[in-house]
Amino acid sequence: LDAVDLFDYGKQRLRRFYDYTRQTGSFTEYNSPTYTCVAIEEISRMLKHVGDESSRQLLTWLNSFAWGHVARRFHPQTVQWAGPHSRSYSTLLSRETLAFLQRGLGDAVPLMPQDQAWESLDAHRLDVRCPEDLAGGFKPSNVERMVVESFVVTPPGEHDVVGRTYLSSDLTLGSVNLGDFWNQRRPLVGYWKDAGGPVAVRVRMLHDGYDYASASLMTVQDKAEVLGAVVFATDRGDTHISLDKTNGVIHARDLRLRLQFEGAVGGLSLPERLVLDEPLPFSSGPIQGMFALHAVEFNDWTARLEVGRESDQAWIDVVLYHGSGRPFDFRKMEEAEIVFTLSLAQAGSASQFGSPSVYGSIALDSVATGIESPRRSWSFQRRNGPTLSLTVPTRPLTTKEQQAASCAKLGQENPWKATY
């Protein structure tokens, strides 16, 4: 239409988005089975309509960048998109998302029948296409690998947001170093395949049965083992991170941490002995796992364990409180933390688990500068890998203070800062 001002505006806006994405390291909705597909759709729409050659070069790079996120973490054996996920509407991959990926891959990789992949109007409106050099990421492989990626790169002295994903022929386990428990997050999630189909495991924090967005998760991961700490923020919301802020005070009938299993859980074996300071083994198909609690502090409340299952779900719960409704003022709590390890392995090789060797101590610099909370350090000493270490504040704080007071080590390295 020769509308030069609109043309220039669109071109400049695309350039800003391109520069921002390269600078930060990822899309804002990092590794999201929902919104990465939205990004690919809109990039594909622009490639369909935009004729400006310099803009098309940026779009071609962005398309490859987006598909690269998927290819690096797609797990062909389970046909699942490995975590961690910034936003996800279902832990197991939906048929719509699978169909979207199939259309982009074409005949290169069969994920589902081609005729089923085209059962939508959008399928015929947009030509989504995975670059040929990335299609190999969707093919089965016996190569064991760790994918480490900074989703948000920050200035020196601050923690990056880093995703770590382990993939092998049997399983995948992914975590983000700084996460929260809003119900669309999957900050720690694993997948494997049982005889009846894929199985997922993830960690949730529940307030009266719904995901509590003011609970935070700090992790450090190596291969299929994670050391994690759940702490509580005073400046976020209840069911949403920002829309229903609590000012640190909630009313609750029930508060619990849940290790949740979803999918083909019919063959899942849950622990029979439920003791807080003893490891909690589980098994499912080709996988054995170990969930162990190393600290459960929630002021003066005494926690207990529960297990349960129904249809396509099962769980191990750490019950912090259950009873008549009462207020909880996190601003006044002296201690509120849960420290755990989660380990997965191929069945038959899990004897290495034993009882996880995890030790806690007061942090050497027990109080972070300008932050009024004691800090505790935890070390997960392993037989066949570097020690995983995590330091977290024991008292609820604002999100910014919480993150500033936390740190981690993987051996002697800082796994919370990009060096790659």
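**Exercise 1.** Determine the handedness of the crossing of α2 and α3, and describe how these helices are oriented and which residues join them.

*Solution.* 
Step 1. In this predicted model, α2 and α3 cross in a left-handed manner.

Step 2. From α2, the residues in contact are Thr-36, Ile-40, Ile-43, Ser-44, Met-46 and Leu-47; from α3 they are Arg-56, Leu-59, Thr-60, Leu-62, Asn-63, Ala-66, Trp-67 and Val-70.

**Exercise 2.** State the strand order of the six-stranded open sheet and identify its edge strands.

*Solution.* 
Step 1. The order of the strands is β6-β10-β11-β17-β14-β13, with antiparallel pairing.

Step 2. Strands β6 (178–180) and β13 (280–284) each pair on one side only, and they are the edge strands.

Step 3. From one strand to the next, the twist averages 25°.

**Exercise 3.** How many bridges join strand β10 to strand β11, and which residue is the bridge partner of Asp-222?

*Solution.* 
Step 1. In general, strands of a sheet pair through backbone hydrogen bonds, either parallel or antiparallel.

Step 2. Strands β10 (residues 215–222) and β11 (residues 225–232) run antiparallel and are joined by eight bridges.

Step 3. Asp-222 has Glu-225, in β11, as its bridge partner.

Conventions:
Residues are numbered from 1 along each chain as its sequence is written. This is a predicted model: local features need pLDDT of at least 70, side-chain atom pairs count only at pLDDT 80 or more; totals for chains, interfaces and linings use all residues. Side-chain values use heavy atoms; hydrogens and water are left out. Two strands pair if DSSP finds at least two bridges between them. Helices (H or I, at least four residues) and strands (E, at least two) are DSSP runs, numbered from the N terminus. Axes are lines fitted to C-alpha atoms, for helices over the stretch in contact, and angles run from 0 to 180 degrees between N-to-C directions. A crossing is left-handed if the near helix is turned anticlockwise from the far one by less than a right angle, and right-handed if clockwise. Contact means heavy atoms within 4.5 Å.
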